There are 2 protein chains.
Amino acid sequence: MAADPLSRVFSALADPTRRDIVARLAVGDATVNELAAPYDVTVQAVSKHLKVLEDAGLVSRSREAQRRPVHLEANVFDLMTKWIERYRRQAEERYRRLDDVLRSMPDDVRPDGRSPTPHQEGQPT
Amino acid sequence: MAADPLSRVFSALADPTRRDIVARLAVGDATVNELAAPYDVTVQAVSKHLKVLEDAGLVSRSREAQRRPVHLEANVFDLMTKWIERYRRQAEERYRRLDDVLRSMPDDVRPDGRSPTPHQEGQPT
DNA sequence: CTCTTTTTCAACCGAACGGTTGACCACGCT
DNA sequence: AGCGTGGTCAACCGTTCGGTTGAAAAAGAG
């Protein structure tokens, strides 16, 4: 469990149950039992999910009597957003630049083997 | 392998090697062998990684002789960004609202069991 | 046709994952 | 003290994951 922070966050959100928990915590804090209620898995399973979210820094548990209210730590989202934005921007920029290069180049004077690579902006999944 | 699209994308980016591949593809298209070179794993392993990225819609492979240039499909990032932004905004808004409520409330008139929940904005991991 | 290059497919292996059951700890209540 | 409630720990189980090796498909080069 010594993965880098970014891997932990992405991995934590790769599970639909965990994403749903995050969604519900965005509305307000909740206890483990409250969180577990809607799903047809045991409370222990949900507790494990929360541990994963906590290790990823997405969630924090405070102690309050025997209850352990779970709180969403939204600031960790920035880690992902930064990573994503960086490469999306980079790719889009390259896309635009390559487009220009191809436009300003006669069809039969292309770099050796490589074809124009139409990089079709096709169906969104 | 019938997971929902969002899970596939998050899961695909949960691996550091795969994230690195995406980072390098943002610079420009590349073949499997080129991509595999920097890592000390076999080409087959990288091919598997690419399959995961492709199934997530993050990457597309076109055919060109016996080579299969890999191209980054940046538009899929939006799926994640939308999800993240939605709940981050929601959580931040709630945070602000709750703050107001607590500020406008005398210390000993609190809803039954629940304490103020200091929701400390702790270390950003 | 044969040889080489690039990539994938198939089977296998150990580690991690999501889930279960059962025991346990911590606390409030009476 | 004794009980009930909320939560976690520990062991186990089947499946998935990242990796390997070995063979094969697909296409160009001799």
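Q: Where does Ala65(B) lie in chain B?
A: Ala65(B) sits in the loop joining β1 (59-61) to β2 (70-72) of chain B. Strands here are DSSP runs of E, at least two residues; helices are runs of H or I, at least four; both are numbered from the N terminus. This is a predicted model: local features need pLDDT of at least 70, side-chain atom pairs count only at pLDDT 80 or more, and totals for chains, interfaces and linings use all residues. Residues are numbered from 1 along each chain as its sequence is written, and chains are lettered from A and ligands numbered from 1 in the order in which they are written.

Q: Is Ala65(B) buried or exposed?
A: Count the other C-beta atoms, placed from the backbone, within 10 Å: 20 or more is buried, 12 or fewer exposed, in between partly exposed. Ala65(B) has 7 such neighbours, so it counts as exposed.

Q: Which residues have the most contacts inside the largest nonpolar core?
A: A nonpolar core joins buried Ala, Val, Leu, Ile, Met, Phe, Trp, Tyr and Cys residues through C-beta atoms within 7 Å. The largest here has 48 residues, and Val9(A), Leu58(A), Val9(B) and Leu58(B) have the most contacts inside it. α5(A) gives the most to this core, five residues.

Q: How do α2 and α4 of chain B cross?
A: Axes are lines fitted to C-alpha atoms, for helices over the stretch in contact; angles run from 0 to 180 degrees between N-to-C directions. The axes of α2 (residues 16-27) and α4 of chain B come within 10 Å and cross at roughly 75°. Under 35 degrees is roughly parallel, over 145 roughly antiparallel, 65 to 115 roughly perpendicular, the rest oblique. So α2(B) is roughly perpendicular to α4(B). Thr17(B), Arg18(B) and Ile21(B) of α2(B) meet His49(B), Val52(B) and Leu53(B) of α4(B). Contact means C-beta atoms, placed from the backbone, within 7 Å.

Q: How many residues surround DNA strand C?
A: A residue is near a strand if its C-beta atom, placed from the backbone, lies within 6 Å of it. DNA strand C has 22 around it; the closest are Thr42(A), Ala45(A), Thr31(B), Asn33(B) and Ser47(B). α4(A) gives the most to this surface, five residues.

Key
Contact = placed C-beta atoms within 7 Å.
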